[in-house]
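Work through the exercises below with the model open beside you, and try each task before reading its solution.

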Amino acid sequence: MGGNGHAGDGLMLVLCTFPDLEAARRIGSALVSGGLAACVNLVPKVESMYLWKGEMQTENEVLAIFKIVAGGFAEFEQGLLGMHPYEVPEILGIEADAVNAGYLGWALGGN
């Protein structure tokens with residue numbers, strides 16, 4: 001995986017949308033303080049368009065960008081699923097191929 005060491009030791013970005021800023025803050029804070037994510041960025045007022053049960057939907061949502069240890073995705077996902085208000089939340093993990101060494105060290109536990 002990239003130049004970040006062996007599998008599981010790299011950084012992963014996880015994208016997830018929330019219905020509002022309050023839910024995103026509450027759940028993001030719980031995941032960071034619980035050690036399942038190094039940090040989260042919240043991007044309010046993202047417009048999402050999708051089909052749900054055959055109907056076109058357009059919603060204002062909050063996009064959360066979590067940074068996690070790549071090997072911790074399963075545990076992170078379970079924690080997020082247990083708190084998320086959506087029936088089928090968007091949870092997309094993307095492994096980071098290139099990360100600043102100082103930031104990577106901080107995110108992997110040097111914080």
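**Exercise 1.** Leaving aside its neighbours within four places in sequence, which residues is Phe 18 in contact with?

*Solution.* The model is a predicted one. Once the neighbours within four places in sequence are set aside, Phe 18 is in contact with Ala 23, Ala 24, Ile 27, Glu 61, Val 62, Ala 64, Phe 66, Leu 80, His 84 and Tyr 86. Phe 18 also belongs to the largest nonpolar core, which has 17 residues, and it is listed with Val 14, Phe 66, Ile 68, Phe 76 and Leu 80 as having the most contacts inside that core. Two or more residues of this core come from each of β1 (11–18), α1 (21–33), β3 and α2. Another core, of 5 residues, lies apart from it and includes Leu 11, Ala 38, Ala 96 and Ala 107.

**Exercise 2.** Classify the aromatic pairs of the structure: how many does it hold?

*Solution.* There are 2 aromatic pairs. For Phe 66 and Phe 76, the ring centres are 5.0 Å apart and the planes stand at 65°, so this pair is edge-to-face, given that planes over 60 degrees apart count as such. The pair links distant parts of the chain, since Phe 66 sits in strand β3 (residues 55–69) and Phe 76 in helix α2 (residues 73–83), 10 residues apart. Phe 66 is buried, at a relative accessible area of 0%, and Phe 76 is buried, also at 0%.

For Tyr 103 and Trp 106, the centres are 5.4 Å apart and the planes at 45°, so the pair is tilted. Both residues lie in helix α3 (residues 101–110), 3 residues apart, or about one turn of the helix. Tyr 103 is partly exposed, at 30% relative accessibility, and Trp 106 is partly exposed at 30%.

Terms used: Residues numbered from 1 in each chain as written. Predicted model: local features only at pLDDT ≥ 70, side-chain atom pairs only at ≥ 80, totals over all residues. Heavy atoms only, no water. Phe/Tyr/Trp six-rings, centres within 6.5 Å; stacked < 30°, edge-to-face > 60°. Helix = DSSP H or I, 4+ residues; strand = E, 2+ residues; numbered from the N terminus. Buried < 20%, exposed > 50% of the residue type's maximum accessible area, 1.4 Å probe, protein only. Core = buried A, V, L, I, M, F, W, Y, C linked by side-chain atoms within 4.5 Å. Contact = heavy atoms within 4.5 Å.
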